[in-house]
Amino acid sequence: MNRNSEATLSVRDLIVDIPTRHSVLRPVDRVSFDIAPGEILGVVGESGAGKSMTGNAVIGLLTRPAHIASGEIWLNGDRIDHLQGEPMRRLRGKQIGMVFQDPLTSLNPLLTIGDQLRETILEHLDVSKDEAHQRAIDGLKEVGIPAAEERIDAYPHQFSGGMRQRVVIALALCAEPSFIIADEPTTALDVSVQAQIIALLRRLCRERQTAVMLITHDMGVIAEATDRVAVMYAGRLAELGPTKDVLTDPKHPYSIGLMGSTPLASAGKERLTQIEGAMPRLDSLPDGCAFHPRCEHARERCRQNPEPRLEAYQNRAACWFVEDLYL
Amino acid sequence: MSALILAWHSDVAWSFRRSPVAVVSLMVVLILVLAAVFAPLIAPYNPFDPASLNLMNGFSKPMEPNAFTGDTFWLGTDDQGRDVFSTILYGMRISLFVGFTAVLFALVLGVTLGLVAGYVGGWTETIIMRIADVQLTFPAILVAMLIFGIAKGVTPVEHRDEVAIWVLIIAIGLSDWVQFARVVRGATLVERNKEYVMAAKLIGRKPGAIMLRHILPNVLSPVLVIATISLALAIIAEATLSFLGVGAPPTQPSLGTLIRIGQGFLFSGEWWIILFPAVTLLVLALSVNLLGDWLRDALNPKLR
Amino acid sequence: MSILVAVRNLTRIFDVSKPWLNRLIERRDKALLTAVNKVDFEIEERTVYGLVGESGSGKSTIGKIIVGLLPPSAGAVEIEGVDLYREEDDAKVDAVRSDIQMIFQDPYASLNPRWKVASIITEPVAARGGDTTDMAEKLLEQVGLSARDAGKYPHEFSGGQRQRICIARALASEPRLIVCDEPTSALDVSVQAQVLNLMSDLQDEFGLTYLFISHDLTVVRHMADKVGVLYLGQLVEEADRDTLFDAPLHPYTQMLLEAAPKLDGFGREATPPEGEIPDPINPPSGCVFHPRCPIAVERCKVDPPELRGVGKTRVACHLAETSRD
């Protein structure tokens, strides 16, 4: 399969393995996707679906014994899946921005946010100290921190949760990366603050043409923030396509179930459709299509053959009977 | 046994099999404990039976026939003709008995106070933990010697030897409960706020029942680790006190007492009288300690 | 329909000050946090009352006070007409208490990991000396698990299954009121749907009343008959579900509804709300929402609004009549 040369990030047939003392677990299985400049790709799935593991694999943050077993990751035309140690660290700082769920863990509590911003800027951009300071202030202003000139000398604990997440975003953006990974960036925040952060991410990504991989379990966030969405199930892509299409007209039985079980803000008290059972654990994945034990349309073929592979940039579900289901 | 205990144990058992140090330590400890328990059956002589002693056998060298009687002793004899191997077996009995009982005493006291402090909180907690803090500022040996001195003062002379062992146990136990109390209090503070405890409160369970039936089983893992490491410390503390002459009396010599007796002969050339009890103490304390270290790693999910 | 729960002027103040020695040295006064401030509402029997609010709104504190885990600083909780905290007759209080149960947020912390499922489920009955023969098995089947699960330990179950066990435990003492504190926030969407459906089924089957506490507007809208909105410990608006969601009167409720991500809100470019929740130790004067309120007037800064009836809604806003324009 060829990578898409237009895309900022291309992931091809990514497989992550975790050897354990009993067997080898495969939390990410043949995942392929592209993210274009200025595009936000949402990765949605339930806990254990492999969405964070995919994200960590892309940015080289897998913790041993988890490792990339095969597949290719291309960032701006360079292959990065084999990079390790110092080159990977440099790449992460310069070309990849990271925003995690808990802003406290992303910031060093002992340094002022100004120190951290200036340090990152100086390391990755060829600018003077004064210029770095000015850029840090501009960055804070850009993410909507009031009185940035004064607050630049404050420590992380002096900010509220929402403001802290803004600082993290400023930090992720200050080296002008071409790709940002945001792993549950709003999960720890209140509804009103969450809306602010999503709006901020969208605006910045559009203005700077940054590619964003937004990992979340919240379908509402996916709907409002992303351009395309990848639905993951048991480490595999179940469906990938434009957000609106996937959400209003899901094709994969799992996506259909997922949409049906999400209570709609505009709906009343009627019963939710439910998918029976739970996602299989990684050590007891069924043969064939991973979803077949829970799928009401499952047939013999689903029990024996693994689900068809999803090609990147294709709005189709990884299901043998997509066409049949709607006939 | 239930599925949980089995599963939990299987992980520990697995980590055990993969740790040669733990396997060897456990074997050594088991051999020593069995030897101590069955000392009357194993020991070739009873060192406390005056009738079996022959002063002529005094200062026999190890593995050499005695010049006067022709008897051979594996590890030699002391000045009174007591077989060193037998005294070690009997001495280990005292050492292990004092060690186990003292740790048990410290454990019961510490866990109870820690649970109450952590669960009840308020002034009760403040008082218990301040006592613990104060106690920590004294070296354990000093506390033990203090208690020992007081006990010696209040017991009549003729009963001193009988109560000596129990005073030793209480002295060591009292100097050791603090770490149990601290760890259990910390764990209790965490468990107390978990929702299963709220659920129990909600249905009207009394505090005693909540502490005993709900919280206690969930704070025991670290207690097990501390107990093992404390055992090694208690055995050493006992030996130290006995060596200083404030522990086990010469009529019931522990390893520490044997070392104290032996050091009198160190410079006159009878090295075996001190060496063998000292090596036994070292091996015993070291194995128990290594076992405790392994247990701590095995039960700590963060290190696993 | 009769009133099962009446919450009257409920107030709860927490002392969050530093130890007295620090206060003495740093010359600080006691810091008091009013987590719940004069909250007043009623729950009708066999209905679901939803309490929504963001973090620090006091919704969980209210739940804990109602089930008896936390005494109120002022005000009263009446259940079946019995004042939980003032009734002198212990037998009466005990009888009422056995009618209340609770389902917690974290299914991993709410089951004792060292207990078998059967003992966990039957504890509410066993604690009162009741007969528990075959009870766990029957309850497990009622919540969609298997009778064989009674002999297992909690760690053998997934989050959703654990929440079912919690529900089984709550049902054991045949309660009339179940307080659900964020019962599905820790669960995945598909599992959340299973649990919500189960809760609805059980409500019909046993004639239960729920107090449903959540920060998730969509879930509350799905479950509740009547909804109360909390902000900084105060009830700012209360109405039946459709009225509240279709025609919110309080500016805070409007902001909350607007900010919540919507499944059909593709590429929505709504202006996000201003500001964040203020420090509850030093709440703003007057109406607590006035610093963030887009329609606040001078009066809002000084005069705290009372909860009053406007149409079918009870709302604490001076400008409720015009807030929707």
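Predicted model: local features only at pLDDT ≥ 70, side-chain atom pairs only at ≥ 80, totals over all residues.
**Entry 1: the chains and their contacts**

I then turned to the contact of chain C with chain A, and counted 34 residues from chain C and 35 residues from chain A in it. On the side of chain C that touches chain A, the elements giving two or more residues are helix H7 (189–206), helix H8 (217–223) and helix H10 (251–259) of chain C; here helices (H or I, at least four residues) and strands (E, at least two) are DSSP runs, numbered from the N terminus. H7(C) contributes the most to this side, with eight residues. By class, this side of chain C has 16 nonpolar, 11 polar and seven charged residues, with Ala, Val, Leu, Ile, Met, Phe, Trp, Tyr, Cys and Pro taken as nonpolar, Asp, Glu, Lys and Arg as charged, and the others, Gly among them, as polar.

Chain A and chain B are joined by no contact, and their closest C-alpha atoms lie 10 Å apart.

**Entry 2: chain A and its helix H8**

I counted 13 helices and 11 strands in chain A. Its radius of gyration is 21 Å, close to the 20 Å that the globule rule gives for 327 residues, so chain A is as compact as a globular protein of that length; the radius is taken over C-alpha atoms, and the rule is 2.2 Å times the number of residues to the power 0.38. Buried residues make up 49% of the 327 residues in chain A, a residue being buried if 20 or more other C-beta atoms lie within 10 Å of its own, exposed if 12 or fewer, and partly exposed in between, with C-beta atoms placed from the backbone.

I next followed helix H8 (residues 191–208) of chain A, whose axis comes within 10 Å of that of helix H7 (residues 161–173) of chain A and crosses it at roughly 15°. That makes H7(A) roughly parallel to H8(A), since angles under 35 degrees count as roughly parallel, over 145 as roughly antiparallel, 65 to 115 as roughly perpendicular and the rest as oblique. Axes are lines fitted to C-alpha atoms, for helices over the stretch in contact, and angles run from 0 to 180 degrees between N-to-C directions.

H8(A) also packs against H10(C), at an angle of about 45° and with the axes 9 Å apart, and the two helices are therefore oblique to each other. In this contact Val191(A), Ser192(A) and Ala195(A) of H8(A) meet Met255(C), Leu256(C) and Ala259(C) of H10(C), which by class gives five nonpolar, one polar and no charged residues.

**Entry 3: chain B**

I found 12 helices and zero strands in chain B, and 42% of its 304 residues count as buried. The C-alpha trace of chain B spans about 80 × 50 × 30 Å along its principal axes.

Is helix H9 (residues 195–202) of chain B largely enclosed or open? Seven of its eight residues are buried, so H9(B) is largely enclosed by the rest of the structure. Its buried residues pack against helix H8 (177–192) and helix H10 (207–243) of chain B, together with helix H2 (59–67), strand S6 (100–103), helix H4 (117–126) and helix H6 (159–172) of chain C. After H9(B) comes Gly204(B), whose phi is positive, near 90°.

Last, I looked up Phe59(B), which is found in the loop between helix H3 (39–42) and helix H4 (84–120) of chain B. Phe59(B) is partly exposed, with 18 other C-beta atoms within 10 Å. Leaving aside neighbours within four places in sequence, Phe59(B) is in contact with Thr77(B), Asp79(B) and Glu270(B).

Note on methods. Residues numbered from 1 in each chain as written. Chains lettered and ligands numbered in written order. Contact = placed C-beta atoms within 7 Å.
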